[in-house]
Amino acid sequence: MTAESTTTPRRALRLGVAGPVGTGKSSTIANLCRALAEEFRIGVITNDIYTDEDARFLRSEGVLPEERIRAVETGACPHTAIRDDVTMNLLAVEDLERDFDPLDIVLVESGGDNLTATFAPSLVDAQLFVLDVAGGGDVARKGGPGIGRADLLVVNKIDLAEHVDVDVEEMLSDASEAREGRAVLGVSRKRPETVDALAAWVRELHRSFSAGGHTPQDPGPMAPHFHADEDGEGGYLHTHEEAAPGHSH
Ligand SMILES: Nc1nc2c(ncn2[C@@H]2O[C@H](COP(=O)(O)OP(=O)(O)O)[C@@H](O)[C@H]2O)c(=O)[nH]1
Ligand SMILES: [Mg+2]
């Protein structure tokens, strides 16, 4: 066991939530707020490409005071804002922490895209990667930095597994193998015990963070990926090299 220092961090625990579009990042944040809002003062930053849809969804869920949910509109490349140049997000997080001081936890939702997006450790202290069973049982085996090395992999919507012919136990065990034993949780908002397990993981992370015993891990840079042009014609291949600040298209 590592020794935990007695210095308490002044700021909130910053927890990123990444994963492909539609897997349930916003729902995961809503679940966590519902489960933890009485214990922790929580704030939320959402990242959308062009809209504040996710922030509006979360406000409509009524899980937090509306003003504690803010949107960052990232423009064309949603990953850049959570990985290469995190300035917009860091400012948003710091403003939120200042305006609602003291906050205990700030959840940052990435603009969903594909399997490649991860948060820079300079923006978040820890990150969840969210997959769902509807994306197919194989996806957990495909790996990538988020699936392989995020602090926690959430396999969401396990209530749907039987409808899409996915064996949840097998998917979870494949994921565990791909992650070399790092944490994996099967979750459904329709199964309260799974949401409780997710909340317990965050509670433990917060305890460790507050005790000074948590070290942010970098899942690694994004794999090269393809962006379609806005007119739908053509596109470009795009890399985010670890050593290169910013990137060229
Ligand atoms: N059946 C089921 N649907 C879910 C669950 N979690 C999220 N969803 C649905 O999945 C869709 C996408 O969820 P959302 O949180 O917006 O995904 P995001 O794009 O990753 O933020 C929505 O229609 C949700 O209602 C779940 O546990 N079970
Ligand atoms: Mg969302």
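The buried residues of helix α4 pack against β1 (13–18), β2 (42–48), β3 (69–73), α3 (80–83) and β4 (105–109), where a contact joins two residues whose C-beta atoms, placed from the backbone, lie within 7 Å. The model is predicted, so that local features need pLDDT of at least 70 and side-chain atom pairs count only at pLDDT 80 or more, whereas totals for chains, interfaces and linings use all residues. Residues are numbered from 1 along each chain as its sequence is written, while chains are lettered from A and ligands numbered from 1 in the order in which they are written.

The buried residues of α4 are Asn89, Ala92, Val93 and Leu96, a residue being buried if 20 or more other C-beta atoms lie within 10 Å of its own, exposed if 12 or fewer, and partly exposed in between. An α-helix has 3.6 residues a turn, so residues three or four places apart point the same way. On the face of α4 turned away from the buried side lie the exposed residues Thr87, Leu91, Glu94 and Arg98.

The chain as a whole has seven helices and nine strands, which are DSSP runs numbered from the N terminus (helices H or I, at least four residues; strands E, at least two). Of its 249 residues, 44% count as buried. Among the contacts in the chain with a separation of 6 or more, 73% are accounted for by residues 24 or more positions apart.
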